[in-house]
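Hi everyone, thanks for coming.

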Amino acid sequence: MEITESQIKSIVGEVMAKMQLGESVTKMHGIFTDMNEAIEAAKEAQKQVRVMSMDQREKIISIIRRKIKENAETMARMGVEETGMGNVGDKILKHVLVAEKTPGTEDIKTEAWSGDRGLTLVEMGPFGVIGAITPCTNPSETVLCNTMGMLAGGNTVVFNPHPQAIKTSIFAINLLNEASLEAGGPDNIAVTVEKPTMDSSAIMMKHKDIHLIVATGGPGVVTAVLSSGKRGIGAGAGNPPALVDETADIRKAAEDIVNGCTFDNNLPCIAEKEVVAVDSICDELMRYMVEEQGCYLASPEVQDKLIHTVMDEKGRLNRKCVGRSAKVLLAMVGVDVSDNIRCITFEGPKEHPLITTELMMPILGVVRAKNFDDAVEQAVWLEHGNRHSAHIHSKNVDRITKYAREIDTAILVKNGPSYAALGFGGEGFPTFTIASRTGEGLTSAATFTKRRRCTMSDSLCIR
């Protein structure tokens with residue numbers, strides 16, 4: 001039977017009301033009041049997970065995939081309602097992407113070689129219990145994607161989610177454990193606490209039974225993880241520039257850039273945050289953006305109002321603006337626009353506060369460059385050395401190669417919207433933990449394992 005939109009809203013409201021009142025939370029699988037208890041439960045579950053066959057792990061992952069699809073709209077609505085960020089339609093797409101394309105046990109591969117002196121295997125083994133810090137921008141998506149990969153590698157995981165998204169995160173963690181139990185696996189493959197805090201995070205990072213910490217968030221949380229003394233995977237900030245030169249298909253570039261920038265109201269860390277356009281095509285590009293792609297051209301006065309609305313005098317973002325639509329942001333500064341306006345654009349120098357800062361809002365400043373070399377130089381400056389993501393629209397292979405080498409990011413999208421890098425309209429797999437700072441890049445099941453060598457001396461070579 002098909003569920004109507006009003007029924008879905010009712011379900012979401014009921015779930016969140018119960019969570020708000022503290023009802024049923026402790027009855028949900030994987031939810032604890034104390035971080036030490038949560039870690040101990042995950043440790044016990046991992047004893048079972050590590051001896052599971054790959055087929056058994058894959059059975060759990062298959063059920064997780066099904067449950068994500070069944071609950072995609074519910075989690076999307078919960079995420080928007082709880083955080084106020086993003087939009088339901090795009091969040092549904094992200095959940096479906098996680099369900100369909102997140103790598104499972106096929107990502108865990110054994111290497112082997114033999115020679116005159118015997119046989120050697122290199123196998124990918126679990127870390128054990130992994131500690132994970134997740135953001136409010138993609139709360140359920142990050143929890144689900146991470147757990148699927150970590151479980152495939154034989155791990156369990158303890159989450160310390162962002163407090164602003166705890167209800168959505170709890171829903172996702174309960175779903176994961178329900179899937180495991182349905183497949184005959186253990187409870188507590190993923191756990192968390194009812195009220196995550198800085199203290200619960202510190203307990204997790206310092207706990208003797210946590211050997212790997214995975215942090216997805218801003219530079220502060222990544223720095224804390226890398227200072228913990230444990231092995232850390234850090235997925236931090238980015239400020240991805242989109243470079244457009246005169247050889248590009250300018251109309252398509254405008255469409256791709258705006259589509260990528262506005263996806264889930266610019267919450268993805270890979271999304272286009274600013275444009276650097278070669279002078280000869282800059283006006284044409286902006287004309288297509290405004291006339292065909294729903295961009296509002298902000299005057300200097302509106303730009304100034306936006307600066308003072310979306311950030312404070314110290315350049316810190318106003319959380320009430322992050323992940324909001326262009327229409328909402330413009331309304332905050334007294335500008336009323338039609339529903340088809342989905343992005344705010346303007347031309348400015350690279351030092352402009354709305355250009356140089358990673359906003360996570362559909363505000364897309366355009367920087368004019370004298371030529372391609374100048375565009376590369378400005379784009380590299382704007383990326384701020386995060387080595388996270390960048391984009392280019394060009395038909396010149398030599399230029400694309402130069403840009404790729406100069407900007408040196410974990411992700412480089414060529415002639416497409418940013419989300420193509422995550423398998424949405426492009427080849428490859430999705431992830432919501434892109435570890436640019438620590439070098440792992442797009443994380444998957446293989447990332448959450450350690451390499452172990454097993455050697456048989458002078459035996460089992462039968463060639």
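Okay, which residues of helix 15 are buried? Before I answer, a word on the ground rules: this is a predicted model, where local features need pLDDT of at least 70, side-chain atom pairs count only at pLDDT 80 or more, and totals for chains, interfaces and linings use all residues. Residues are numbered from 1 along each chain as its sequence is written, and side-chain values use heavy atoms, with hydrogens and water left out.

Helices here are DSSP runs of H or I with at least four residues, strands are runs of E with at least two, and both are numbered from the N terminus. Buried means under 20% relative accessible area, exposed means over 50%, and partly exposed is in between, with a 1.4 Å probe and protein chains only.

So, helix 15 covers residues 397–407, and its buried residues are Ile-400, Tyr-403 and Ile-407. Looking down the axis, they fall within an arc of 65°, so they line one face of the helix. That arc is taken from the directions from the helix axis to the C-beta atoms. Why does that spacing work? An α-helix has 3.6 residues a turn, so residues three or four places apart point the same way. On the face turned away from the buried side you'll find exposed Val-397, Asp-398 and Arg-405.

Now helix 2, residues 35–49. Its buried residues include Met-35, Ala-38, Ile-39 and Val-49. Down this axis, the buried residues of helix 2 fall within an arc of 160°, so they too line one face.

Next, how helices pack. Axes are lines fitted to C-alpha atoms over the stretch in contact, and angles run from 0 to 180 degrees between N-to-C directions. Helix 3 (residues 54–83) and helix 4 (residues 88–101) pack at about 155°, with axes 8 Å apart. That makes them roughly antiparallel. Helix 9 (residues 250–262) and helix 10 (residues 279–292) pack at about 55°, with axes 9 Å apart, and this pair is therefore oblique. The cut-offs: under 35 degrees is roughly parallel, over 145 roughly antiparallel, 65 to 115 roughly perpendicular, and the rest oblique.

Last stop: His-29, in the loop between helix 1 (5–20) and strand 1 (31–32). At 25% relative accessibility, His-29 counts as partly exposed. The C-alpha atoms of His-29 and Ile-173 are separated by 7.4 Å, though the two are 144 residues apart along the chain.
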